[in-house]
Amino acid sequence: MILKKYMSFVFLLLLLGCNSDDDNGSNNECGDQMIFDEELFNQESSSSFSIQNAEIDGDCLMVTLSASGCDGTSWEADLVTDGLETTSVPPSRSIRVDFTNIEVCTAVITRTFQFYLGSNNNETAIYWLEDWDGGALIHNE
């Protein structure tokens, strides 16, 4: 009887202690976090796309992409940086979208992806998004 109660208690603790968002690098408000990987940053995306819009809202970067496809639901996009940050004031960082599209339809689809930039400790940071002609993206907190 005591063992049954103990096992029920342990099971309850395990159930309450699990969180499905703990290990996926995702922020519930913004989406996936930026990937710091110099090798990946220096590779070209495997799929062709164009950036239609990019803007920062709080700690979220929204990037609207356009590419050929069926409906865009299978598209994957990651925000990648080489991890290097300038010593200028405010600091700046180069970022790019690593985009994968396996859809073979010829319709032009537009989809917005959100990425979590992280907190910048109440300091301004500048992001330069590769292939975006809209200029610098300013991250103020």
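**Close-up views of a predicted model**

**View 1. The disulfide between C30 and C60.** C30 and C60 form a disulfide (a pair of cysteine sulfur atoms within 2.5 Å), with their sulfur atoms 1.8 Å apart. The pair links distant parts of the chain, 30 residues apart: C30 is in the loop between β1 (26–27) and β2 (31–33), and C60 is in strand β5 (residues 60–69). Strands here are DSSP runs of E of at least two residues and helices are runs of H or I of at least four, numbered from the N terminus. The torsion about the S-S bond of C30 and C60 is about -60°, so this disulfide is left-handed. Both cysteines, C30 and C60, are buried; buried means under 20% relative accessible area, exposed over 50%, and partly exposed in between (1.4 Å probe, protein chains only).

This is a predicted model, in which local features need pLDDT of at least 70, side-chain atom pairs count only at pLDDT 80 or more, and totals for chains, interfaces and linings use all residues. Residues are numbered from 1 along each chain as its sequence is written, and side-chain values use heavy atoms, with hydrogens and water left out.

**View 2. The disulfide between C70 and C105.** The sulfur atoms of C70 and C105 are joined in a disulfide, S to S 1.9 Å. This pair also links distant parts of the chain: C70 is in the loop between β5 and β6, and C105 is in the loop between β7 and β8 (107–116), 35 residues apart. With a torsion of about 80° about the S-S bond, the disulfide of C70 and C105 is right-handed. C70 is partly exposed at 35% relative accessibility, and C105 is partly exposed at 30%. The count comes to two disulfides, and the bonded cysteines, numbered in sequence order, pair 1-2, 3-4.

View 3. The peptide bond from V89 to P90 is cis, with omega near -5°. P90 is found in the loop between β6 (76–85) and β7.

**View 4. D131 in its loop.** D131 lies in the loop between β9 (125–129) and β10 (137–139). Its phi is positive, about 70°, although D131 is not a glycine. D131 is exposed, with a relative accessible area of 60%.

**View 5. Residues that line the largest pocket.** The lining of the largest pocket includes F41, R96, E130 and D131. At least two lining residues come from each of α2 (38–42) and β7 (92–100).

Technical notes: 1 Å grid on protein atoms, 1.4 Å probe; cavity = no way out; pocket = protein on both sides within 12 Å on 5 of 7 lines; lining within 4 Å.
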